[in-house]
Amino acid sequence: MDGRGWWRRKAIDALGTEGVPAHLRLRRALGAPELVFLGVGAIVGAGIFSTAGTAAAGGEHHLGAGPGLVLSFLLVAGACALAGLCYAELAALVPVSGSAYTYAYATLGELVAWIIGWDLILEYAIGNVAVAISWSDYFQTLLSGLGWEWPVWLGTDYRSAWAAAREVAAHVAQGGGLEALPPAVVERARAWAEAPRLWGVPLVLNVPAAGIVGLITWVLVRGIRESAAFNTAMVVVKLLVIGLFVAVGAFHVDPANWHPFLPNGWTGVGHAAAIVFFAYIGFDAVSTAAEETRDPQRNLPRGILGSLVVCAVLYAVVALVLTGMVRWDRLRDVADPLAMAFAERGLNWLSGWIALGAVVATASVLLVFQLGQPRIFFAMARDGLLPGWAARVHPRYRTPHVTTLLTGVAVAGVAAVTHIEEMVELCNIGTLFAFVVVAVGVLVLRWREPDRPRPFRVPWVPWVPLGAIVTCGWLMAQLPARTWWRFGLWLVAGLVFYAGRTWWLRGRAPARQVPNSGGE
């Protein structure tokens, strides 16, 4: 393959859908309100309902922020706001599916675009694995509150059950009692012990996680209008539940729990910020629906920035109430901190409502992320970087049904057997890397084409894009070394795949030719 083609850029004027054949076009059905709900649907989910506890209390590989968790949320909101402005400029300028992948193709060339397309699998597909696992945990909590017991070996992943069984066995061998271990560890060890065996191998699978992904995939194949309506209904429910938590919890706040405010100093705030970043992932998913948006030049910036502002306010208030209701160090290893806060105060009936809200919240995140990943594959296939069958559109529903189904199968399969912590860390570093590339893309395009009309302009260039690069880079630096190693290996695998598969694909007829914008 000619290496000069690696730096070929896609002409911005050719990025519209006017020249796309009718059978490869998506249906435009979304306005600004639907996009804001889409963004809120993607953002508010497992991050606030699950990771707030470990971010406040800390974990094996990071310090906790304590009551300073609210500062962690605000710091991340600032970083995301800077990146969100960059996304808004490029989304309005290039209103087509593909998100950061398409923006990189137009500004930095084909090789960087491929790397970002490969990297976005970490945000959308791998991120959705983590969300599906979280949904399963809250679903089982909800069933338990209703008096229905889900078989523990059908609600736990194999690796977690195996590790828990080893931990319990070692603890008991040293004369310790089970009451000294976290309840989650004991429960997973029970799954290992109670699971039926096939040729001596325990059959441990997270069936609810796989099942919800299958249901969401079916909804997405049916159409974007139906998916948006389904998402809006779920967003209303989860906002009501969060409002209930804040309204009732505010009357049970003990100001003494806010002291000390920064038990681990700013180091704890920084570590927690890298964890709760997962709670903000999703606003960029709005840009993947660009080809299904009416008047995208105006509505996309509103959807991206509007959803980010709504969620930043919600998170700051929830963090204050949560750490005011429960002393921060009691939130360690708690998978459902909001429900636990009410249980601590004897408000068990409200814990059930929180579990219901978490089930709905994580389902809406699943929907938006499952919507985003297939559309990135779809855009890459239209550009000839993936096989042409990945660009097929359903003749009736006008959705990218092939990539939607493939993504659903892959996410469901991995969610059934994987642990959530590793998925969250990989998702965070992949997303932050994409944010950095988008900010670089704004700077490059302002330098190469300063006079190009822009429906939305990032203010104070170059300071805002540089701020996004620095803050996102700082958050990446807070992640454990093991996450960096895995991220590096993932990118190397993507480059190997690109070098081999792209050469083969160039010899075949692509779904759509890529106009050259120079760079060779």
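User: Which residues have the most contacts inside the largest nonpolar core, and how many residues does that core have?
Analyst: This is a predicted model. Its largest nonpolar core has 156 residues, and those with the most contacts inside it are F49, F73, Y87, Y101, F245, Y280 and F283.

User: What's the secondary structure of the protein?
Analyst: The protein has 17 helices and two strands.

User: How much of it counts as buried?
Analyst: Of its 520 residues, 58% count as buried.

User: And what about contacts between residues at least 6 apart in sequence, what share of those join residues at least 24 apart?
Analyst: That share is 85%.

User: Where do Y87 and Y103 sit in the chain?
Analyst: Y87 is in helix 3 and Y103 is in helix 4 (residues 100-107). The two are 16 residues apart, and the pair links distant parts of the chain.

User: Are those two buried or exposed?
Analyst: Y87 is buried, and Y103 is buried as well.

User: What about F277 and F435, how far apart are the ring centres?
Analyst: The centres of the F277 and F435 rings lie 5.7 Å apart with the planes at 75°, so this pair is edge-to-face.

User: Which parts does that pair tie together?
Analyst: F277 lies in the loop between helix 10 (265-276) and helix 11 (296-325), while F435 is in helix 15 (residues 420-448), so the pair ties together parts 158 residues apart in sequence. Both F277 and F435 are buried.

User: Which residues do ring pairs link into a cluster?
Analyst: The cluster consists of W114, W118, W490, F497 and Y498, linked by ring pairs.

User: Changing topic. How many salt bridges does the structure hold?
Analyst: The structure holds six salt bridges. Among them is E89 with R454, whose side chains meet at 3.2 Å, N to O.

User: Where are E89 and R454 in the chain?
Analyst: E89 is in helix 3, and R454 is in the loop between helix 15 and helix 16 (463-477). They are 365 residues apart, so the bridge links distant parts of the chain.

User: Buried or exposed, for E89 and for R454?
Analyst: E89 counts as buried because its relative accessibility is 0%. R454 is buried too, with a relative accessible area of 8%.

User: Which residues are linked with them in a network of salt bridges?
Analyst: The network of salt bridges links E89, R446 and R454.

User: What about the salt bridge of E194 and R190, and what's the distance?
Analyst: The side chains of E194 and R190 meet at 3.0 Å, N to O. The two residues are four apart in helix 7 (residues 183-194), so about one helical turn separates them. E194 counts as partly exposed at 43% relative accessibility, and R190 counts as partly exposed at 30%.

User: And D329 with R327?
Analyst: The side chains of D329 and R327 form a salt bridge at 3.2 Å, N to O. D329 is partly exposed, with a relative accessible area of 36%, and R327 counts as partly exposed at 34%.

User: Why is helix 12 largely enclosed by the rest of the structure?
Analyst: Six of the eight residues of helix 12 (residues 337-344) are buried, so the rest of the structure largely encloses it. The buried residues are P337, L338, A339, M340, A341 and F342.

User: What follows helix 12?
Analyst: G346 follows helix 12, and its phi is positive, near 80°.

User: Last one. Which residues make the nonpolar surface patch of about 350 Å²?
Analyst: L75, W266 and W474 make that patch. L75 is in helix 3 (residues 69-93), and it is partly exposed at a relative accessible area of 39%.

Conventions: Residues numbered from 1 in each chain as written. Predicted model: local features only at pLDDT ≥ 70, side-chain atom pairs only at ≥ 80, totals over all residues. Heavy atoms only, no water. Buried < 20%, exposed > 50% of the residue type's maximum accessible area, 1.4 Å probe, protein only. Contact = heavy atoms within 4.5 Å. Core = buried A, V, L, I, M, F, W, Y, C linked by side-chain atoms within 4.5 Å. Patch = residues over 30% accessible without salt bridge, like charges linked within 9 Å, V, L, I, M, F, W, Y side chains within 5 Å. Areas by Shrake-Rupley, 256 points an atom, 1.4 Å probe, with all protein chains shown as cover. Salt bridge = Lys/Arg side-chain N within 4 Å of Asp/Glu carboxyl O. Phe/Tyr/Trp six-rings, centres within 6.5 Å; stacked < 30°, edge-to-face > 60°.
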